[in-house]
Amino acid sequence: MNPLNSPLEVGVRALALLAESHPEPMDLTQLVVLDYALLHSAEFDGPPSLHPDLPARTGELGMKRRLLEQGLLVLIRAGLAGIEAHQDGLKYRATERGPAFIDILETPYVERLRDRAEWAVHEYAPHIDTDTATRELINRPAESRLTSGATHG
């Protein structure tokens, strides 16, 4: 198994986001956009990016949704996250064990991941509309930054 972009790695990134938003749940669209922002945070005037800025990085979104679904299933089976029905669709939430699991991971990468998850959930997410941000990410030139998708009001 290749650990890079495996369901396990993507699941850990999703858990970092869910742990940071705990107890608030997130839907899959939010997780897709925030996972992209977490990996490419410098592109959004955030902390330095975890992954390099490659020209074809916007193509990640096509695979990210499927990988996130697989990663979330790993988390659910492990009892680290759960799925809930809401009026506006299915949402995922870290269980009480989820944040504790992230806290025991002590590698430099996970420290940077947790910092980016904190930034993505508390600094980036409150100012975006995930549907607009998704459209912009899909339709923009690879070398440009995401400029809108922010909510106004």
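Helices here are DSSP runs of at least four residues in state H or I, and strands are E runs of at least two, numbered from the N terminus. By that count, the protein chain of this predicted model holds 6 helices and 2 strands.

**Stop 1: the whole chain**

Show the protein chain as a cartoon. Trace the elements from the N terminus: the order is α-α-α-β-β-α-α-α. The accessible surface comes to about 8,200 Å². Carbon and sulfur atoms account for 55% of that area. Of the 153 residues, 44% are buried. Consider contacts with a separation of 6 or more: 62% of them join residues 24 or more positions apart.

**Stop 2: helix H1**

Select residues 7-21, which form helix H1.

Is H1 largely enclosed or open? It is largely enclosed by the rest of the structure, because 12 of its 15 residues are buried.

**Stop 3: Arg 13**

Stay in H1 and pick Arg 13. Is Arg 13 buried or exposed? Its relative accessible area is 1%. The cut-off for buried is under 20%, so Arg 13 counts as buried.

Next, show what surrounds this side chain. Beyond its neighbours within four places in sequence, Arg 13 is in contact with Asn 5, Asp 35, Leu 38, Leu 39, His 51, Lys 64, Tyr 109 and Leu 113.

**Stop 4: the two strands**

Select residues 81-86 for strand S1 and 89-94 for strand S2. The two pair in the antiparallel sense, over 6 bridges. A hairpin of 2 residues joins S1 to S2.

**Stop 5: Ile 76**

Move to helix H3, residues 60-77, and pick Ile 76. How accessible is Ile 76? Its relative accessibility is 29%.

Show its contacts. Leaving aside neighbours within four places in sequence, Ile 76 touches Ala 81, Gly 82, Ile 83 and Tyr 92. Finish with one distance, from Ile 76 to Ala 94. They sit 18 residues apart in sequence, and their C-alpha atoms are 9.0 Å apart in space.

Terms used. Residues numbered from 1 in each chain as written. Predicted model: local features only at pLDDT ≥ 70, side-chain atom pairs only at ≥ 80, totals over all residues. Heavy atoms only, no water. Buried < 20%, exposed > 50% of the residue type's maximum accessible area, 1.4 Å probe, protein only. Contact = heavy atoms within 4.5 Å. Pairing = 2+ DSSP bridges. Areas by Shrake-Rupley, 256 points an atom, 1.4 Å probe, with all protein chains shown as cover.
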